[in-house]
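This briefing covers side-chain pairings in one protein chain.

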Amino acid sequence: MSGVDRQQVLHRLSQVLPPEAIATDEATLDAYATDHGPTADWEIQRALAVVFPTCTDDVVALMCASAEEGFAVVPRGAGTSVSGGAHALRDAVTISLERMNQILSIDVEDQTARVQPGVINAELGQTVEQHRLMYAPDPASYRISTIGGNVATNAGGLRCAKYGVTRDSVLSLEVVLADGTVLRTGTGTFKNVSGYDLTGLFVGSEGTLGIVTEITVRLRPLPVAVETASVFVEDLETAAAGVLAISQAGVQPAILEMMDGATMAALDAAHGSNLAGLGGACLLVQTDGYGAAAEMDAIRDALAPLGAQVSPPGDERARSLVELRRHARGDDTVTEIRVGEDVAVPKSRLVEYVREVQRIGRDHDVKIKVIAHAGDGNLHPSFWIDVDQGTAGMARLDAALDESIQVALEMGGTITGEHGVGSYKVRWFDREHDEPAIRVQRELKNLFDPEHRLNPGRAIA
């Protein structure tokens, strides 16, 4: 968005917000310039200011100022997004919801909680655990990511195999629209078919339709029993076949994760474990509830024909592997250019996609490792090259990424299972959606945000 008078914008902000809510110093602008998504140097921009609201009224004031002055607003949670949906934009204001971090109420009998968007996922989980309840969505970043950010991207996590993604645990929302209107969607009930599903529309909209300022979530009973097993097999294709064998056995694990040998080797190097010496690939399986032990027995029987090495009941290494899995994406390094993908395919195509993505790595001469929320077909292959390979290496990396997306789509999959489109995946958006679907989504954007001041250029092409 161009033609914005920076001094006028800052003056207007100072009129409607307390001074402690506005930051314009270089250190803060730099710290909030990007999320964890990929960037090129030319993409890194500074916002006009970073605003830190503490209540819905602050957000309303910001959006009214935006409507009057014409500047764009980029919503942000903890910045853990890996798709560039919270990258700052020049001539825009970044709004960080991190100070709206209160758990407003917990209803133990109705098994719901009402929270502000800046509440950390893990903190909500720890709080409701005291009432023998749990908040099911658990993205790998759950210790630092916010509920509001999880809502914005419809985040998944390890337990989504059984309990679904964030949308499946959101009952109602309070949302500030582009013109400052406060909209309330949904109710506190688990069932609600009155009117269009506006709650579901805002979950996963990546801040392009409105800014979420309050969330009512569904809680679930804390499982009375949990069984965890590590499963080591010869190679990744066998691991993928194991996922299908578990499904065909009629068991729905709470967690069903998959890691290849390269991922295990990286974890060994970082954490001193010895996973790679146990097999070429690994499944991490967890069952819960009163039938946890019986379900795990059925899983052991289903995996036996594959020659799998399944850990015994109560194995401490299997339990510790759950936490290691959360670090499996790895840390960035200055010697590599690495991009983690987030495709999903039907579970019936899992073995085929694993085979194809390994071929893609070989064909384009790029390094690859694969982890997956295998229980629902959501794969996170990482592609990388050494930084000294220059433009030729980048061309190979881009070609590998492009083909991995195209293959997933041809298998009936999606370009993003849980990370969101953001700014990085907009390039592939129209491959997944046909013209009528794109038109309807653009019409929705124009309805809620006719001047495109809310996170422009993100989520839809």
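A salt bridge here is a side-chain nitrogen of Lys or Arg within 4 Å of a carboxyl oxygen of Asp or Glu. By that rule, E356, R359, D363 and E403 are linked in a network of salt bridges. The model is a predicted one. Over the whole structure, a search finds 23 salt bridges.

**Salt bridges between separate parts of the chain**

- R355 and E237 form a salt bridge through their side chains, at 3.2 Å from N to O.
- R355 belongs to helix α12 (residues 350-363) and E237 to helix α8 (residues 236-248), so this pair ties together parts 118 residues apart in sequence.
- R355 is partly exposed, at 40% relative accessibility, and E237 is also partly exposed, at 27%.
- In the salt bridge between K425 and E341, the closest N and O atoms are 2.5 Å apart.
- K425 is in the loop between α13 (390-410) and α14 (426-432), and E341 is in the loop between β16 (336-340) and β17 (343-344), so parts 84 residues apart in sequence are tied together.
- Both K425 and E341 are buried.

- R439 and E443 meet in a salt bridge of 3.8 Å, N to O.
- Both residues lie in helix α15, 4 residues apart, which is about one turn of the helix.
- R439 is partly exposed, with a relative accessible area of 40%, and E443 is partly exposed at 44%.

**A buried charge without a salt bridge**

- D260, in strand β13 (residues 255-260), is buried but has no salt bridge.
- The nearest side chain of opposite charge to D260 is K369, 7.3 Å away.
- A polar side-chain atom of D260 lies 2.8 Å from the backbone nitrogen of V370.
- Leaving aside residues up to four places away in sequence, D260 touches L236, G280, A281, I368, K369 and V370.

**Aromatic rings**

- The whole structure holds 3 aromatic pairs.
- One of them joins Y32 and F52, with ring centres 5.5 Å apart and planes at 85°, so the pair is edge-to-face.
- Y32 lies in the loop between α2 (26-31) and β2 (49-51), and F52 in the loop between β2 and α3 (56-69), 20 residues apart.
- Y32 is buried at 15% relative accessibility, and F52 is buried at 5%.
- F202 and F448 also pair edge-to-face, at 5.3 Å centre to centre with 75° between the planes.
- F202 is in helix α7 (residues 198-202) and F448 in helix α15 (residues 435-448), 246 residues apart.
- Both F202 and F448 are buried.

**Charges over rings**

- The charged end of R99 sits over the ring of F52, 4.2 Å from its centre.
- R338 lies over the face of W384, 5.8 Å from the ring centre.

Definitions and conventions: Residues numbered from 1 in each chain as written. Predicted model: local features only at pLDDT ≥ 70, side-chain atom pairs only at ≥ 80, totals over all residues. Heavy atoms only, no water. Phe/Tyr/Trp six-rings, centres within 6.5 Å; stacked < 30°, edge-to-face > 60°. Helix = DSSP H or I, 4+ residues; strand = E, 2+ residues; numbered from the N terminus. Buried < 20%, exposed > 50% of the residue type's maximum accessible area, 1.4 Å probe, protein only. Lys NZ or Arg CZ within 6 Å of the ring centre and 35° of its normal. Lys, Arg positive; Asp, Glu negative; His and termini not counted. Polar contact = N/O pair within 3.5 Å; in protein donor to acceptor, adjacent residues only side chain to side chain. Contact = heavy atoms within 4.5 Å.
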